[in-house]
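Good morning, and thank you for making time for this presentation.

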Amino acid sequence: MWRMMAPRGEALFEVEAYRVQRFSEEDAPLIRKLGERCREHLELHYGSPPDPEQLVRDLLTDLPPGKPLADKFGLGVFDGAGRLVGGIDVVRDYPEPGEWYLGLLVLDPRHRSQGLGTKLLVALVHWLRERGARSLRLAVSEHNEAGRRFWTRHGFEPVKQVIAEFGNKQSVFHVMRRALENP
């Protein structure tokens, strides 16, 4: 299903015909176009239509307070034709050493509901384990019921609820966590 690949600048791992590689600043135009295609997903999270640059910031620069850019991994999911069809944002050692934070997993609507999200998660977990991750944490909006079902189905358990404001929308977020036990 997945295969580990070469270091930064090249594919980090592959899932079938899709390759996952680290983003760079040069990818900003591609990320903007992905954001346009994923508008409804982003509106669900941010409220009204998000700033066109929001997804670029999410994948390239946004970090929790005190975290260096070296701990951020904005990853692009490219199909066999080289088209960007998804984005993944993970932060190393947050909120504590050994725990990584998944800030975002977004897929082009044409690539959803086909099992790709699950396959990407399996490959990502393997990639994280190889980097010393012991657990993975995320937060999902109360408005994203399908997202909560997806994460629960994949072993994420509720940790707490927080109220956060994104864009013009204040929402309850369910913080979830999964131990990354060895296979």
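Predicted model: local features only at pLDDT ≥ 70, side-chain atom pairs only at ≥ 80, totals over all residues.

A search of the whole structure finds 11 salt bridges, and I shall discuss some of them.

Let me begin with Lys 119 and Glu 16, whose side chains meet in a salt bridge at 2.8 Å, N to O. Lys 119 belongs to helix H4, residues 116–130, while Glu 16 sits in the loop between strand E2, residues 11–15, and E3. The two are 103 residues apart, and the pair links distant parts of the chain. With a relative accessible area of 21%, Lys 119 is partly exposed.

I turn now to Asp 71, which forms a salt bridge with Arg 92, the closest N and O atoms being 2.9 Å apart. This pair also links distant parts of the chain, 21 residues apart. Arg 92 is found in the loop between strand E5 (84–91) and strand E6 (99–107), and Asp 71 in the loop between helix H3 (54–60) and strand E4 (72–78). Are these two partners buried or exposed? Arg 92 counts as partly exposed, at 24% relative accessibility, whereas Asp 71 is buried, at 11%.

Asp 108 lies in the loop between E6 and H4 and Arg 83 in the loop between E4 and E5, so the bridge ties together parts that are 25 residues apart in sequence. Asp 108 is buried, with a relative accessible area of 1%; Arg 83, at 34%, is partly exposed. Both residues belong to a network of salt bridges that also links Arg 37 and Arg 110.

Finally, we come to the arginine without a salt bridge. Arg 22 lies in strand E3, residues 18–22. Which side chain of opposite charge is nearest to Arg 22, and how far away is it? The answer is Asp 71, at 7.9 Å. Because a salt bridge requires the nitrogen and the carboxyl oxygen to be within 4 Å, that distance does not qualify, and Arg 22 is buried yet has no salt bridge. What does the side chain of Arg 22 reach instead? It reaches the backbone oxygen of Lys 72, at 2.7 Å. Asp 71, for its part, has its salt bridge with Arg 92.

Key
Residues numbered from 1 in each chain as written. Heavy atoms only, no water. Helix = DSSP H or I, 4+ residues; strand = E, 2+ residues; numbered from the N terminus. Buried < 20%, exposed > 50% of the residue type's maximum accessible area, 1.4 Å probe, protein only. Lys, Arg positive; Asp, Glu negative; His and termini not counted. Polar contact = N/O pair within 3.5 Å; in protein donor to acceptor, adjacent residues only side chain to side chain.
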